[in-house]
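Me: I'd like to learn how to read rings, strands and charges in a fold. Can you walk me through it?

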Amino acid sequence: MTDLAAFAKEKGVKYFMISYTDLFGGQRAKLVPAQAIGDMVEDGAGFAGFATWLDMTPAHPDMLAVPDPSTVIQLPWRPEVAWVAANCVMEGEDVAQAPRNVLRKLVDEAAKEGLRVKTGIEAEFFLLTPEGDVISDPFDTAEKPCYDQQAVMRRYDVISEICDYMLDLGWGPYQNDHEDANGQFEMNWEFDDALVTADRHSFFKFMVKSVAEKHGFRATFMPKPIEGLTGNGCHAHISVWDLDGKVNAFAGDAGGQIGEVGLSERGGYFLGGIMKHAEALAALTNPTVNSYKRINAPRTMSGATWAPNTVTWTGNNRTHMVRVPGPGRFELRLPDGAANPYLLQSVIIAAGLSGIRSKADPGQRHDIDMYAEGHKITDAPRLPLNLLDAIRNFEADAELQAMLGKEFSTSYAKMKHQEWNSFVSHFSRWEKDNTLDI
């Protein structure tokens, strides 16, 4: 366990950011002088939960964010400050609805089954002008801009700085590229335990936004920030291991269409859980109104959305919701950039464990091009058309709610309904353009 006071003295840290993530993915923090960090480790930093996106009232007691010293990261771009993820506690008990607590509980549930879930994510983002209305590079206009070397080099200062920081932090970044939309980028680092990945994902979003601002740009992970262009996905690569992390429990030959792609029987059941709960888990993997403009989008300028709209799985084929690119792992292509880093990992584990416990069948594997021939599959469920449908699917899935925790599930659905109601109360330009003269 890292001694934060000693860490501060050794590294020259003056302040700690004690950080937690709320239900809507908002990153909340208090800036604590290094001299006071000992008390914070013991008692936590006090927050009013109602003031953030948590299902609380002003009458609730103080919520204490207790730092997890193992997560401490010295800010590479401001080394006198260190960030540390925190667990939310109220009156001596973990706050059940707090996303990091939800994930910690599910990691423990997996361990009871002798399993250790490891994940990696592909976090896509746009670099926009400070106003957020257009992409930052006026020369980035190619019809098919993916992997454009000129465009990525015009943003070399931003991308290389972030990658250098990840190298220094020991994350093992291994590739950076210009993505399928103009102004869009993706950066990849090595997979790890689900909680480690979630903490790094949370910090990555903070780091990307901070470095972009430093260079005069605005980074966004919004699912569909620009009409007509590919949206921001957050594909998750999933494998499950024994508790030592040495034997891949997903790898094997279960026989049939599961074994053909290199999955074990339990790997097939875990995949079955993802398929079984897909219509409900979308409420967490695709958590905003804007999310459904990505997964239900018409063809983009580049020719493909790279996002699913049907609950199907396949081998090494990027046009389905789940892709099995090789033995012992699979890729969930549903999540988008708005996904809460902790709830994304939580719902993957919850659905997968549900599948293992119920021996869920993932259903027929389809190897067709869904963009060209998807209409031929008539029996596969459709993903939700909007956030309200996703919330209702989530509320109807008692098994998934139980895996995530009833208190969390109730609070999440309640607050997402409030978000939807706020959206439909908004008067848009479209309404006037289309109904003013009726």
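Reply: A search of the whole structure turns up 22 aromatic pairs. Rings of Phe, Tyr and Trp (its six-membered ring) pair if their centres lie within 6.5 Å; planes under 30 degrees apart count as stacked, over 60 as edge-to-face and the rest as tilted. Take F125 and F185: with ring centres 6.2 Å apart and planes at 35°, the pair is tilted. F125 lies in strand β8 (residues 116-128) and F185 in strand β10 (residues 184-189), so this pair ties together parts 60 residues apart in sequence. Strands here are DSSP runs (E, at least two residues), numbered from the N terminus.

Keep in mind that this is a predicted model: local features need pLDDT of at least 70, side-chain atom pairs count only at pLDDT 80 or more, and totals for chains, interfaces and linings use all residues. Residues are numbered from 1 along each chain as its sequence is written, and side-chain values use heavy atoms, with hydrogens and water left out.

Me: Are F125 and F185 buried or exposed?

Reply: Buried means under 20% relative accessible area, exposed over 50%, partly exposed in between (1.4 Å probe, protein chains only). Both F125 and F185 are buried. Now try F191 and W241: their ring centres are 6.5 Å apart and their planes at 20°, so that pair is stacked. F191 sits in the loop between β10 and β11 (192-193), W241 in strand β13 (residues 234-241), 50 residues apart. F191 has 46% relative accessibility, so it counts as partly exposed, while W241, at 16%, counts as buried.

Me: Which residues do ring pairs link into a cluster?

Reply: W77, W83, F125, Y165, W171, F185, W189, F203, F204, F206 and F221.

Me: Which charged end sits over the ring of W241?

Reply: A charge sits over a ring if NZ of Lys or CZ of Arg is within 6 Å of the ring centre and within 35 degrees of the ring normal. Over W241 you'll find the charged end of K118, 5.3 Å from the ring's centre. K30 lies over the face of F47, also at 5.3 Å from the ring centre.

Me: And the strands: how many bridges join β3 to β4?

Reply: Two strands pair if DSSP finds at least two bridges between them. Strand β3 (residues 45-47) runs antiparallel to β4, with three bridges, and G46 stands opposite L64. β4 also pairs with strand β6 (residues 81-90), antiparallel over four bridges; there, V66 has N87 as its bridge partner. As for faces, β4 (residues 63-67) has M63, A65 and P67 on its covered side, L64 and V66 on the uncovered one.
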